[in-house]
Amino acid sequence: MSNAKKFQEVLDLLEQNKQKKTTDTLKASRVGEEEKYKASQPYLEALEKSREAKELKAETDLKAEKAKAKPPTPQEDIQRFGEKREKFRNLAYKTFTVDNEDAEGNTTKKLTTAERPDNQLFKDQIVAYTDSLKLAGMAQKYESTTPDIRAIDRNRKAINNEFNKDTERYIKIYKTQKFPPGVDMVSYAENKATSDLVRKYGKGIIPLLTELKNR
């Protein structure tokens with residue numbers, strides 16, 4: 001091999017080493033800049049926002065899946081509401097036994113319940129879950145679900161207004177017609193409005209509305 005060729009190879013090797021060193025320097029500089037950026041406040045804030053957005057999406061998706069899921073049965077609601085009510089009852093009251101002595105000196109034990117201090121919030125929860133138990137019982141009785149019964153209860157005033165408006169509408173219609181003697185036009189209109197409610201909400205709507213009102 002000629003000296004010129006050897007010299008050229010040395011030059012090429014030096015050039016390669018120089019390029020590699022430059023590349024490594026640029027890479028190290030780039031890594032250093034990235035690490036510096038990742039430690040900066042804007043990056044950390046953006047990272048936190050991204051994490052919160054992902055958590056919010058996951059929570060939203062979970063709620064959507066739960067909404068699509070089949071609602072619990074009335075029996076499951078009754079058990080769950082009963083357990084919740086018992087929990088708050090234990091927080092609102094304490095139960096203990098006391099000894100009672102009669103005139104003959106015989107001692108008997110009596111179970112006594114007393115209110116705990118600052119228990120109003122727990123008592124309110126007892127009332128709320130007692131009402132939920134009633135609604136779940138109605139759902140079981142009328143072969144429905146507790147959310148549906150609760151929705152009817154929430155819209156009870158609107159349903160009653162709907163019934164009254166339909167009754168008035170039928171009365172106006174029947175006033176233009178001839179009814180046989182002895183037929184009560186108002187009762188006939190009320191029966192027709194009732195049939196409309198039954199067709200829309202189910203055959204148990206009338207007794208259900210009465211139970212909801214009287215509970």
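This is a predicted model: local features need pLDDT of at least 70, side-chain atom pairs count only at pLDDT 80 or more; totals for chains, interfaces and linings use all residues.
**View 1. The whole chain, element by element.** Start with the overall layout: the chain has eight helices and two strands. Reading from the N terminus, the order is α-α-α-β-β-α-α-α-α-α.

**View 2. The largest nonpolar core.** Here we zoom in on a set of 17 residues, the largest nonpolar core. Ile149, Ile152, Leu208 and Leu212 are the ones that touch the most other members. Two or more residues each come from helix 4 (120-141), helix 5 (146-154), helix 6, helix 7 (185-201) and helix 8. Which of these helices gives the largest share? That's helix 6, with five residues. As background, nonpolar side chains tend to be buried together in soluble globular proteins.

View 3. Let's centre on Leu212, one of the core residues that touch the most other members. Once you set aside neighbours within four places in sequence, Leu212 is in contact with Leu135, Met138, Ile149, Ile152, Asp153 and Arg156.

**View 4. Helix 6 against helix 7.** Two packed helices are described by the angle between their axes and the distance between the axes. For helix 6 and helix 7, the angle is about 135 degrees and the axes are 8 Å apart. That angle makes helix 6 oblique to helix 7. The crossing of these two helices is right-handed. On the helix 6 side, the contact involves Ile159, Glu162, Phe163, Asp166, Thr167, Arg169, Tyr170, Ile171 and Tyr174. Helix 7 answers with Met185, Val186, Tyr188, Ala189, Glu190, Lys192, Ala193, Thr194, Asp196, Leu197, Lys200 and Tyr201. Sorted by type, the residues of this contact are 12 nonpolar, two polar and seven charged.

View 5. Thr167 sits in helix 6. Is Thr167 buried or exposed? With a relative accessible area of 8%, under the 20% cut-off, Thr167 is buried. Not counting residues up to four places away in sequence, Thr167 touches Ala189, Glu190 and Ala193.

**View 6. Helix 6 against helix 8.** Now follow helix 6 (residues 156-174) to helix 8 (residues 205-214), where the axes come within 11 Å and cross at roughly 135 degrees. The two helices are therefore oblique to each other. Helix 6 passes helix 8 in a left-handed crossing. Arg156, Ile159 and Asn160 of helix 6 make the contact with Leu209, Leu212 and Lys213 of helix 8. By type, that gives three nonpolar, one polar and two charged residues.

**View 7. Helix 4 against helix 8.** Helix 8 has a contact with helix 4 too. The axes of this pair come within 11 Å, and the crossing angle is roughly 165 degrees. Why do we call the pair roughly antiparallel? Because angles over 145 degrees count that way, helix 4 is roughly antiparallel to helix 8. The crossing is right-handed. Leu135, Met138 and Lys141 come from helix 4, while Leu208, Glu211 and Leu212 come from helix 8. This contact has four nonpolar residues, no polar ones and two charged ones.

**View 8. Two loop residues with positive phi.** Asp118 lies between strand 2 (107-115) and helix 4. Phi of Asp118 is near 55 degrees, a positive value in a residue other than glycine. Asp118 is exposed, with a relative accessible area of 77%. Where is Glu143? Look in the loop between helix 4 and helix 5. Glu143 isn't a glycine either, yet its phi is positive, at about 55 degrees. Glu143 is exposed as well, with a relative accessible area of 76%.

Notes:
Residues are numbered from 1 along each chain as its sequence is written. Side-chain values use heavy atoms; hydrogens and water are left out. Axes are lines fitted to C-alpha atoms, for helices over the stretch in contact, and angles run from 0 to 180 degrees between N-to-C directions. Helices (H or I, at least four residues) and strands (E, at least two) are DSSP runs, numbered from the N terminus. Angles under 35 degrees count as roughly parallel, over 145 as roughly antiparallel, 65 to 115 as roughly perpendicular and the rest as oblique. A crossing is left-handed if the near helix is turned anticlockwise from the far one by less than a right angle, and right-handed if clockwise. Contact means heavy atoms within 4.5 Å. Ala, Val, Leu, Ile, Met, Phe, Trp, Tyr, Cys and Pro count as nonpolar, Asp, Glu, Lys and Arg as charged, and the others, Gly among them, as polar. A nonpolar core is a set of buried Ala, Val, Leu, Ile, Met, Phe, Trp, Tyr and Cys residues joined through side-chain atoms within 4.5 Å. Buried means under 20% relative accessible area, exposed over 50%, partly exposed in between (1.4 Å probe, protein chains only).
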